[in-house]
Amino acid sequence: MSWSMMSRSFQRLAMAGVLAGAGCVLAMGPAEAGNTPPKTVPVRLLSLNDFHGNLEPPTGSSGRMVDETGATVDAGGAAYAATHLKQMSDKNTLKVAQGDLIGATPLISAAFHDEPSVEFLGKVGVTASAVGNHEFDEGYAELRRIMNGGCHPVDGCSPAGEWKGADYSYLGANVIFKRPTQSAERQALDALGGKNTTALRDLLKEYGIPALPPVAIRWMNGVPIGFIGLVTQTTPNIVTAEGIKDLEFIDEVKAANVASKLLRIVGVRAQVVLVHEGDQVTAGQSPDACSAQPGAGNRIATQVDAEIDMILSGHSHQAYLCTVTDPKGGTRLYSQGGSFGRVITKVDFRVDVKTRDVVRSSVVADNQVVTRTVTPDPEISAFVQTWKDRVASVANKPIGKITADIPNTASASGESPLGNLIADGQLVAAKTGGNAQIALMNPGGVRTGLTYAGSPAGEGDGVVTYGEAFAVQPFNNLLQVVTLTGAQLKTVLEQQFTGGPNNQAFTKILQPSSNFTYTYSASAPWGSKVSNMKIDGVDVTDTQTIRVAANNFLVGGGDAFLAFRDGTDLWSGPLDIDAFAAYFAANPSITPPVPNHITVVP
Ligand SMILES: [Zn+2]
């Protein structure tokens, strides 16, 4: 489907004569050879990134944003975003996105495999988006279903009926099949214009067979605009291995340059990168400021081919507008628009109708906060309400009670009360079938805290609903158990820290079940930080075997915990959210665990 959409684009280019080559497009007629300024046409891009299914206005700090005046304001919500998008649109506008639109979403979206979010984005006119790492949360096959339509293979159709597919193209130029078949190559060549041109064949040889459309071409005011989609090459470290086992995520810069050449071959000179990778900023800055610390996003923004005119980014959930230098010394835009639909990036520029290239000096960008002081769009409000009603019976179902707040904030050792609670629940759920002895939970998978007051309704009675529990554990990971030796378990714990061969990005303390204790030294070198491991108070020896429960993300080596892959005798159990909910059912009144299982020594 997506390939055929691409095919249509290329056929249109062929009909427009663009496929005849860039040279003829570039040639100036005698009338234009004088001093007359180039004739240009306006184009406006509106973009967003990391929407993460926030159809309802996000709450807490996720629903606030610093605006251009430095004030912190409430921001986000699909109906508000729709109003802002309408107000910001003119007849020259194309709407695009930079990935993580779905995955790790609130229940209103997740309960229906994110179909409501993808439908919303189509309704407001998004035409192309890069895939983000979270687009692969349920695997490549499910992403293809989201793109192309059809009912979920296990859960069936949503209450809205058969899913019709995304109204926009998902792009991933750096997502390649590991073992391309000949027919896949033929398919790719066919899709790229229906002709096995030498140039295209050479490109594919150098590059591999793309598993997603690498580019999309959209026409505006008589000129083609090429969009190149990219996703962070670290995706295999942060999504479940099984779902992407056939895919390779290659260097973003290399893939962008091949895609840029591809666009150039068919005469598309106005080139925009949509990349799901970005940088960190200093807190409290205006969304229009450039305080981004040069990192993985900046590397891409500065290194991709000078033919590329601007880089719209995502992934780090930050807002910034930067000007960077391209490899030929030209300047180009490098931007990001926060997350959760709180910011829309507007980019205005002009395209020379002769060269069909962006006039770089004309590029003007603005990050606009999606304030809630505007009237919410009535059509989108009604749409969100429909899904709210559909999910209400599931979301509002009480599953248990807590006696006080159970926060996901880490103590000095890196443990959090909620992390402990989740691990305790996993241990219980994996004991019978999987013979689990301890459980370990990755801290990044604990998405928010539980409050006694309850959220968002604030009932104030300590009741925990399924919806609240789901907000904590939204990934639909499977609970698994593997056997590790004591020495392997120690290696897993060493891999929490930076400086080892697993290249941990920053310290990530796994949340232990309450029956597992150990000590780590902050100053000891990597490999000898962890000591004194005990299960139920009994010392762990290097040679004993231990059944360790964890989610399938960790068991697959996620978050750089590569030693988990040495585990044997894999057992797969229930979904993590089901294990969590079952623990509430079995323990009617839960007091917050004390995060005192890890002792830190200097
Ligand atoms: Zn991401």
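This is a predicted model: local features need pLDDT of at least 70, side-chain atom pairs count only at pLDDT 80 or more; totals for chains, interfaces and linings use all residues.
I'll start at the metal.

Which protein residues supply the donors of the zinc ion? They are D100 through OD, N133 through OD1, H276 through NE2 and H315 through ND1, at 2.1 to 2.2 Å from the zinc ion. Along the chain, the donors follow the spacing D-x32-N-x142-H-x38-H. Take N133 and H315 as a pair. N133 sits in the loop between β5 (126–130) and α6 (140–148), while H315 sits in the loop between β12 (310–313) and β13 (319–325), so the two tie together parts that are 182 residues apart in sequence. Is each of them buried or exposed? N133 is buried, at 4% relative accessible area, and H315 is partly exposed, at 23%.

Now the chain as a whole. The protein has 17 helices and 28 strands. Of its 602 residues, 56% are buried. Among contacts with a separation of 6 or more, 78% are between residues 24 or more positions apart. The exposed surface comes to about 23,200 Å², with carbon and sulfur atoms supplying 53% of it.

Next, salt bridges. The count is 21. One of them joins the side chains of D377 and K86, at 2.7 Å from N to O. That pair links distant parts of the chain: D377 is in the loop between β16 (358–369) and α12 (378–395), K86 is in helix α3 (residues 78–88), and they are 291 residues apart. D377 counts as buried, at 6% relative accessibility, whereas K86 is exposed, at 56% relative accessible area.

Other pairs sit within a single helix. E119 and K123 meet at 4.0 Å, N to O; both belong to helix α5 (residues 115–123), 4 residues apart, which is about one turn of the helix. K123 is partly exposed, with a relative accessible area of 39%. In helix α6, R145 and E142 are 3 residues apart, again about one turn. Their closest N and O atoms are 2.8 Å apart, and both residues are buried.

Last item: which residues form a network of salt bridges? R264, R269, E307 and D357 are linked in that way.

How values were computed. Residues are numbered from 1 along each chain as its sequence is written. Side-chain values use heavy atoms; hydrogens and water are left out. Donors are N, O and S atoms within 2.8 Å of the metal (3.2 Å for Na, K and Ca); water is not among the atoms, so sites may look incomplete. Buried means under 20% relative accessible area, exposed over 50%, partly exposed in between (1.4 Å probe, protein chains only). Contact means heavy atoms within 4.5 Å. Accessible areas come from the Shrake-Rupley method with a 1.4 Å probe; for residues, only the protein chains shown count as cover.
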